[in-house]
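User: Can you walk me through this one? I have it open and want plain answers.

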Amino acid sequence: MKRGSRRQADYGRDVALIGGLRGWTALAVLLVATVVLPQLLSVTDNMKWVTFLNFTLLTIIAVLGLQIITGMAGQISLGHSAFLMTGGYIMAILATKLGFPFWIAAFLAVLATASVGVLVALPAIRLKGFYVAVVTLAFFTISQHIFQNLSIAGGIWGLSNVPGPSVGPLKIITDTSWYYFLLLLTAICIIASASLARSRIGRSFLAVRDNEVTASGLGINVPGAKLRAFFIGSLFAGIAGVFWTSYVTAVRIDQFSLWDSIWYLGMIIIGGLGSTAGAVLGVLFLQLVRQVLHEITASGVVPLSINFSAALTFAVYGLAIILFIAFRPHGLMAVWQKLKTSYKRWPFGE
Amino acid sequence: MSTSNIILHSERLELSFGGIKALDSMSVEVEKGQILSLIGPNGAGKTCFINCVTGYYRPREGQIVFDGTDILGMRPHRIARLGISRTFQNPNTYPTMTALDILLAARYMHCRAGMMECLAPFGRSRREELQSRRSIEEVITFTHIEELRKKPISMMSYGQRKQVEIARALVMQPRLVLLDEPMSGLDDVMKEMVCELILDMHRQGMTIVLVEHDIQTVMELSHKVAVLDHGQKVAEGTPAEISRDARVASAYLGRNEADGQQAACP
Amino acid sequence: MDPVITLIQLIISGALVGGIYGLIAMGFVVAYRNARVFNIAYGQLAVVGAFVAWTFVGSPAAPRLPVPFAVVATLAVAVLLGLVVEWLLFRRMIDRSQFATFVASLGLLGVLQGLVMSVWGTKTLAMAPVFPKGPLHLGGIVLAREYLWAFLVAVLLAFVITLFFRRTRLGLAMRAAYDNQAAARTLGVSVRLSSQVAWSISAVIAAAGGILIATVGGVSMALSELVLVVLAVVLIAGMDSVAGCIAGGLVLAVGQNLVSYYAGAYFTGIESVFSMVLILIVLLVRPSGMFGTKPIERV
């Protein structure tokens, strides 16, 4: 009762994305760190690490989208990289073949991807569980073959010379300028995703994930919620796909593979299902693992063939997913929470 | 009984599963502000009736009118938006959400923020969120679940889940609440609490349909009792009339118990 | 060539492959029904089986073991693999949600992929003939002998597996456990045993299917795409129908054969698109599949 009345004073704190002095401090530190990071990295070495960071940021945007579809709304999607592919291809076609200006092409491509997401969801909304996974898998296969056969999409060679964005007079060309651009974009996406989680639409996703029957009893249109989840999720994927294509200035079929879809799922499992921060953590974790493995094989300390190095990545990723789902099913987020509680309660243990 | 006072009216509902009649010519009327109880043995069709009213089952024939609107064949979420909410018999239904999560989710139909607005950390979505939180706190106090706010529902006791389930129904600010065995499996203290809660709801002007096995509680709480058996309504009346009804008494109440039972409260 | 003869030949050769597809799909269904795992790594089990068989049988230029020994050895390895996977991974997840076991199978997919790539590489390997090769003339129709053999073996195996689930004590007990795991447990059906048996059978079928397909098309990572075929077959057949798998396999393979012959020139990979479109149609029209039973949903 007493606790209750004190709480009533200000619910804003519960709603806020960042809470308290500690939250703001952490954010400030993070912000400074992310801004300074490429400067530090460029001192040591070539741009390899900045490139790595850029792909990581793009992956974060993509995985945030999957987190909405699978983590929040509970619809298992094996076709997420096909959304990136769709966004990327439409962007490339609009910008290179049809001569659209960059931002208009990007906007249309993202919107088209989100619409495709709704289209994919249409057969999926009547179905449950693995059937949705199979529908999305089917979507992946179909879209891959369509783009491969489409002459305007350049066949198996794909399209190249995809332009980069420019913000006002600023042209984004160098890796470092891409980094700052993508950092901003990722931050916006993270804020959007976190806001969604504490909004009526986001909660309707959670309700549908937990129990479709009772969710409809809350006045939630369950098929509608699934469509929305696919719309927003593929919107994020579309953004990632568009800028991915624009960053590497080309698009090809094998740029977005089924394995990527699988690793995206792995990332949200490892990070923590349903949480925005979890999606970010999951991406960072697997990206770092990949890079470390790459460094080990590239450095030649351990004599391994290129082939074996690729195989190692598969095995380690798979193993990481298995270990997390078996022993830490709530992912890194839960580990983090646990650490935080035990830190607060020290020295009293759990 | 004037017609305008009837909030829910179901007529000659027919529902069957593969040849087994679950509801057989079921007609029930609920007056505004009343507490109507449905009793009867297991499989009598009580929960089936609730499922029909809330749109989960679609009766083969019949009519269900809620406040002048024909709701037969409407999908559950449409019916919920009209102001009918229900609780489920087994509230073991949210594997990941906390009480606060589910209560906020239950505010869904009272908020208007669109999909794109929900992606912004400011504006209508946030205003509504604060508004929702305020009205939820009222329900939390009303249903005495202050301690359960941030507890995952999967980690609650059976009784606590039932409390949250009722709170969830109330957050939707319904005009008609259908309570499906809200007291089954509870101890006496909790039962007493739920009884009080139902009476509070009644005082606030809600219409309540109660499905319950505990005859004594039913007799104490309700204005009207309908007895179901094999999908048919076999008797209907005030608690006093029902307890006098010889058929009902022998079948469900046991002769001795039925003697002298009066509607003690409210 | 006479178009009618071509059509008949396409249908028959498609049906022969369809029998093998059906068999392979049965292994997936066994794991799904009896070990309750939607095993997305199932195609990889077939890949491993095919590569192990290649190791034992040898390439056409350098055959190693006699074929019967090699096949028996491969199947033994498959049983071992199934048991190891069950023991290391899925036994620990027996009480977990189907989503969790599905995710675990995604992990398994990665691990097996890595294993195959590091041991055998990514090239397509030709295998020494397992079945007698050569054309077989029936009227005007020409069939490949090895297809016919592979088909016969597949149907025989499918029959044996159906018998196991219909006639043996253990098989019946496992079917009972599928209907109600808790009830079966109280009746003394060991969940662990049935999970072990299910995984062994599933892995053996996968390996056998992998070998059969490999005798026709060579051994490569591309076999992992079998999982797409398997999903198409089980969805056409209905997720809970073991016998329906053969019929589903026939429908799919004949359809693929026809589509790729008549439209393959205009659209590469049309047969994969065909199977996926077929999945979507079946899911939209009859989500429980052609032979599956639809459970009554209770609120």
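Analyst: Chain B has 266 residues, and 57% of them are buried (under 20% relative accessible area; over 50% is exposed and in between is partly exposed, with a 1.4 Å probe and protein chains only). This is a predicted model, where local features need pLDDT of at least 70 and side-chain atom pairs count only at pLDDT 80 or more, while totals for chains, interfaces and linings use all residues. Residues are numbered from 1 along each chain as its sequence is written, chains are lettered from A and ligands numbered from 1 in the order in which they are written, and side-chain values use heavy atoms, with hydrogens and water left out.

User: How many helices and strands in chain B?

Analyst: Ten helices and ten strands. These are DSSP runs numbered from the N terminus, with helices being H or I of at least four residues and strands being E of at least two.

User: What share of the contacts in chain B join residues at least 24 apart?

Analyst: 67%, among contacts between residues at least 6 apart in sequence. Contact means heavy atoms within 4.5 Å.

User: What is the strand order in the open sheet of four?

Analyst: In chain B the order is 2-1-4-5, with antiparallel pairing. Two strands pair if DSSP finds at least two bridges between them. Strand 2 (20-31) and strand 5 (69-70) of chain B are at the edges with a single partner strand each, so each has one side without a neighbour in the sheet.

User: Which helix packs on that sheet?

Analyst: Helix 1 (residues 46-53) of chain B, which touches strand 1 (6-17), strand 2 and strand 4 of chain B. The direction of helix 1 makes about 115° with that of strand 1 of chain B. Axes here are lines fitted to C-alpha atoms, for helices over the stretch in contact, and angles run from 0 to 180 degrees between N-to-C directions.

User: How many bridges between strand 1 and strand 2 of chain B?

Analyst: Nine, in the antiparallel sense. B:Phe17 has B:Ile20 as its bridge partner in strand 2. The two strands form a hairpin with two residues between them, and B:Gly18 in the turn has a positive phi of about 50°.

User: And strand 4 with strand 5 of chain B, how many bridges?

Analyst: Two bridges, also antiparallel, with strand 4 covering residues 61-66. B:Val65 is bridged to B:Asp70 in strand 5.

User: Now the sheet of six strands. What is its order?

Analyst: That open sheet of chain B runs 6-7-8-3-9-10, with mixed pairing. Strand 6 (84-86) and strand 10 (232-237) of chain B are its edges, each with a single partner strand, so one side of each lacks a neighbour in the sheet. Neighbouring strands of this sheet are turned by 20° against each other on average, direction ignored.

User: How do strand 9 and strand 10 of chain B run?

Analyst: Antiparallel, joined by five bridges, with strand 9 at residues 224-229. B:Val227 is opposite B:Ala235 in strand 10.

User: Where does helix 6 of chain B pack?

Analyst: Helix 6 (residues 188-203) of chain B packs on that sheet, touching strand 3 (35-39), strand 7 and strand 8 (207-211). Its direction makes about 155° with that of strand 8 of chain B.

User: B:His230: buried or exposed?

Analyst: B:His230 is exposed, with a relative accessible area of 60%. The residue is in the loop between strand 9 and strand 10 of chain B, and its phi is positive, near 50°. Most residues other than glycine have a negative phi. B:Arg12, which is not a glycine, has a positive phi of about 45° and lies in strand 1 of chain B.

User: And B:Gln34, buried or exposed?

Analyst: B:Gln34 is buried at 11% relative accessible area, in the loop between strand 2 and strand 3 of chain B. Leaving aside neighbours within four places in sequence, B:Gln34 contacts B:Met206, B:Thr207, B:Ile208, B:His223 and B:Lys224.

User: Over to chain A. Where is A:Gly71?

Analyst: A:Gly71 is in helix 4 of chain A and is buried, with a relative accessible area of 0%. A:Gly71 and A:Leu273 are 202 residues apart in sequence but 4.8 Å apart in space, C-alpha to C-alpha.
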